[in-house]
Amino acid sequence: MRKEVKDTVVVELGQKLKEFSHFYLVDVEGLNAADTSNLRRKCFKNDVKMVVVKNTLLRKAFEASDIDYEPLYAALKGSTAMLFCNTANVPAKLLKEYKDNKKEVPALKAAYAEESIFVGADKLAELCAIKSKNELIADVVALLQSPIKNVVSGLNAGGKIHGLLDAIAERNQ
């Protein structure tokens, strides 16, 4: 590969690191063409961009970045694919699906999610547990609605509230 092409690849990887807020480093060594195509298809359906990279060029892109990716350098061995996404847990769930089917490849090497670095395949469960922005919003809305639902159900009970208020009044006397 010529130096100009290498420089272009490093710049493109740097742009992807800025464009996407999360990425995973995945070991794809041993995947045949059909399995690789299937993985790419699943990534596409889940809004995950998969790019197979040369480790040396990826390291140069990391070094050129404003963020310190040094803990990820140890994971840059063997055949590496990067899964770029804007929802932190989507690639983790995709990889867990492969693991649940007793497949060793693709396997998680490392990840950068929610401004944290995760190194090692044992971090997959942790990454799956990260909630997306939409899931967090749904949790907050549910928490906010809970007291309101209690008041509304109490008001709908009608006579029960009158009896409850009488019981409280008697207790205070």
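Q: What makes strands S1 and S3 count as paired, and in which sense do they run?
A: Two strands pair if DSSP finds at least two bridges between them, and 6 bridges join S1 (residues 22-27) to S3, the two running antiparallel. Both are strands in the DSSP sense, where strands are E runs of at least two residues and helices are H or I runs of at least four, numbered from the N terminus. Within this pairing, His22 stands opposite Cys85 of S3.

Q: What kind of model is this, and which residues count?
A: The model is predicted, and local features need pLDDT of at least 70, side-chain atom pairs count only at pLDDT 80 or more, while totals for chains, interfaces and linings use all residues. Residues are numbered from 1 along each chain as its sequence is written, and side-chain values use heavy atoms, with hydrogens and water left out.

Q: How do you know that S2 pairs with S3?
A: S2 (residues 49-53) meets the rule for pairing because DSSP needs at least two bridges, and S2 and S3 share 5 bridges in the antiparallel sense. Lys49 stands opposite Phe84 in S3.

Q: Why is S3 called largely enclosed?
A: Buried means under 20% relative accessible area, exposed over 50% and partly exposed in between, with a 1.4 Å probe and protein chains only. By that cut-off 6 of the 6 residues of S3 (residues 80-85) are buried, so the strand is largely enclosed by the rest of the structure. In a regular strand the side chains alternate between the two faces of the sheet. In S3 both faces are covered, with Thr80, Met82 and Phe84 buried on one side and Ala81, Leu83 and Cys85 buried on the other.

Q: What makes S4 a mostly covered strand, and which strands does S4 pair with?
A: In S4 (residues 107-113), 6 of the 7 residues are buried. S4 is joined to S1 by 5 antiparallel bridges and to S5 (residues 116-119) by 4 antiparallel bridges. Tyr112 takes part in both pairings, as the bridge partner of Phe23 and opposite Ile117 in S5. The hairpin of S4 and S5 has 2 residues between the strands, and Glu114 in this hairpin takes a positive phi near 50 degrees.

Q: How do you know that the buried residues of H1 line one face?
A: Val10, Leu13, Gly14 and Leu17 are buried in H1. Seen down the axis of H1, the buried residues fall within an arc of 100 degrees, so they line one face of the helix, the arc being that of the directions from the helix axis to the C-beta atoms. Glu4 and Glu19 are exposed on the face of H1 turned away from its buried side.
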